Amino acid sequence: MPRQARLVIPNVPHHIYLRGNNRRRLFSTNADRTRFIGCLARGLETSASRLHQLTLMENHVHMIAVPPGPDALRVLIHRTCLRYAQVRNHARDATGKLFEERFHSKPILDDAYLATATIYNDVNAYRAGVVTDPLGHLWSTGPLHAGRTSMV
């Protein structure tokens, strides 16, 4: 059975969710997280998408991005994840898939959902018990959205 086509609406924010293959760890160190952000920056540039929110967890990533065209999300995620997986596997002398088959995305069609998705993503580490302060996760845009210092 063919898979369902992804709904991408240009110039509309999309909630994007990536997960490690078999819930595998994506980030073991802060250097891994920094590498992913570098790959993401190149993916954003290549796709001309804009990033509004980002949270890096141990085995998954949440982000809110705005694609300028119907193919931009695919380009963004492909460019980011392919390069990050190559670099991470090379550094660990590993092979194989790092990410699940497809990323999940959903257009954000109203301000209420945008606010809800942003807060949900920003406090993900707190809800998971990784940090004790809802805005204390260094690898989330939550502190930036609350007017605190940068992610890193």
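Predicted model: local features only at pLDDT ≥ 70, side-chain atom pairs only at ≥ 80, totals over all residues.
Residues are numbered from 1 along each chain as its sequence is written, and side-chain values use heavy atoms, with hydrogens and water left out.

**View 1. Helix 1, residues 30-47, and its span.** Helices (H or I, at least four residues) and strands (E, at least two) are DSSP runs, numbered from the N terminus. The expected span of a helix is 1.5 Å times one less than its number of residues, so the 18 residues of helix 1 should span 26 Å, and the 25 Å between its end C-alpha atoms agrees with this. After helix 1 comes Ala48, whose phi is positive, near 60 degrees.

**View 2. The buried residues of helix 1.** Buried means under 20% relative accessible area, exposed over 50%, and partly exposed in between, using a 1.4 Å probe and protein chains only. In helix 1, the buried residues are Asp32, Arg33, Phe36, Cys39, Leu40, Gly43, Leu44 and Ser47. Seen down the helix axis, these buried residues fall within an arc of 145 degrees (taken from the directions from the axis to the C-beta atoms), so they line one face of helix 1. An α-helix has 3.6 residues a turn, so residues three or four places apart point the same way. The buried residues of helix 1 pack against strand 1 (14-19), strand 2 (50-56), strand 3 (60-66) and helix 2 (72-91), where contact means heavy atoms within 4.5 Å.

View 3. Strand 1 and strand 4 pair in the antiparallel sense over four bridges, and Ile16 has Ser105 of strand 4 as its bridge partner.

**View 4. Cys39 and Cys81.** The structure holds zero disulfides, a disulfide being a pair of cysteine sulfur atoms within 2.5 Å. The sulfur of Cys81 is 8.9 Å from the closest cysteine sulfur, in Cys39, which is too far for a bond. Cys39 counts as buried because its relative accessibility is 3%, and Cys81 counts as buried because its relative accessibility is 9%.

Key:
Pairing = 2+ DSSP bridges.
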